Amino acid sequence: MTAPPIAPDDPRLAAIGRCLLCKAPASITGLFEPSAQALWGAPAGKARRIAYGVCAPCFERADLMDAVEQALW
């Protein structure tokens, strides 16, 4: 069974309105899917995915992926 898509006005997406790194208004949406699913609490056979927003300046950071992972931990 596949979950239905999330509508743009879904309250679960409210956090995407601000940049995860600097809290400025976000203009880009990212999706983090950890390679070590069990460390993030996913049961066997399931996956955790975390949606987040970033602003354009933070998106240009050379260390973007490391900074996002650090912020999520």
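This is a predicted model: local features need pLDDT of at least 70, side-chain atom pairs count only at pLDDT 80 or more; totals for chains, interfaces and linings use all residues.
The protein chain has 73 residues, of which 23% count as buried. When contacts between residues at least 6 apart in sequence are considered, 48% of them join residues at least 24 apart.

In strand 1, which spans residues 28-32, glycine 30 was examined in particular. Glycine 30 has a relative accessible area of 13% and is therefore classed as buried. Apart from neighbours within four places in sequence, the contacts of glycine 30 are with Ile50, Ala51 and Tyr52. The C-alpha atoms of glycine 30 and leucine 20 lie 9.9 Å apart in space, the two residues being separated by ten residues in sequence. In the segment before strand 1 is lysine 23, whose phi is positive, at about 70 degrees, although this residue is not a glycine. Most residues other than glycine have a negative phi. Lysine 23 is also exposed, its relative accessible area being 53%.

Helix 2, comprising residues 64-72, has Leu64, Ala67 and Val68 as its buried residues. These three residues lie on the same side of helix 2, because the arc that they cover around the axis is only 100 degrees. Such a pattern can be related to helix geometry, since an α-helix has 3.6 residues a turn, so residues three or four places apart point the same way. Met65, Asp66 and Gln70, by contrast, are exposed on the other side of helix 2. The cover over the buried residues of helix 2 includes strand 2, formed by residues 50-54, and helix 1, formed by residues 56-59.

The cysteines were considered next. The count of disulfides comes to zero, the cut-off for such a pair being sulfur atoms within 2.5 Å. For cysteine 55, which is in no disulfide, the nearest cysteine sulfur is that of cysteine 22, at 3.6 Å. Cysteine 58 is likewise in no disulfide, and the nearest cysteine sulfur to it, that of cysteine 55, is 3.6 Å away. Cysteine 55 counts as buried because its relative accessibility is 6%, and cysteine 58, at 8% relative accessibility, also counts as buried.

A search of the whole structure identifies two salt bridges. In one of them, glutamate 33 is paired with arginine 49, and the closest N and O atoms are 3.1 Å apart. This pair links distant parts of the chain, as glutamate 33 and arginine 49 are 16 residues apart, with both placed in the loop between strand 1 and strand 2. Glutamate 33 counts as partly exposed, at 45% relative accessibility, whereas arginine 49 counts as exposed, at 52%. A salt bridge also joins the side chains of arginine 61 and aspartate 63, with an N to O distance of 2.9 Å. Arginine 61 is partly exposed, having a relative accessible area of 34%, and aspartate 63 is partly exposed as well, having a relative accessible area of 35%.

Conventions: Residues are numbered from 1 along each chain as its sequence is written. Side-chain values use heavy atoms; hydrogens and water are left out. Buried means under 20% relative accessible area, exposed over 50%, partly exposed in between (1.4 Å probe, protein chains only). Contact means heavy atoms within 4.5 Å. Helices (H or I, at least four residues) and strands (E, at least two) are DSSP runs, numbered from the N terminus. The arc is that of the directions from the helix axis to the C-beta atoms. A salt bridge is a side-chain nitrogen of Lys or Arg within 4 Å of a carboxyl oxygen of Asp or Glu.
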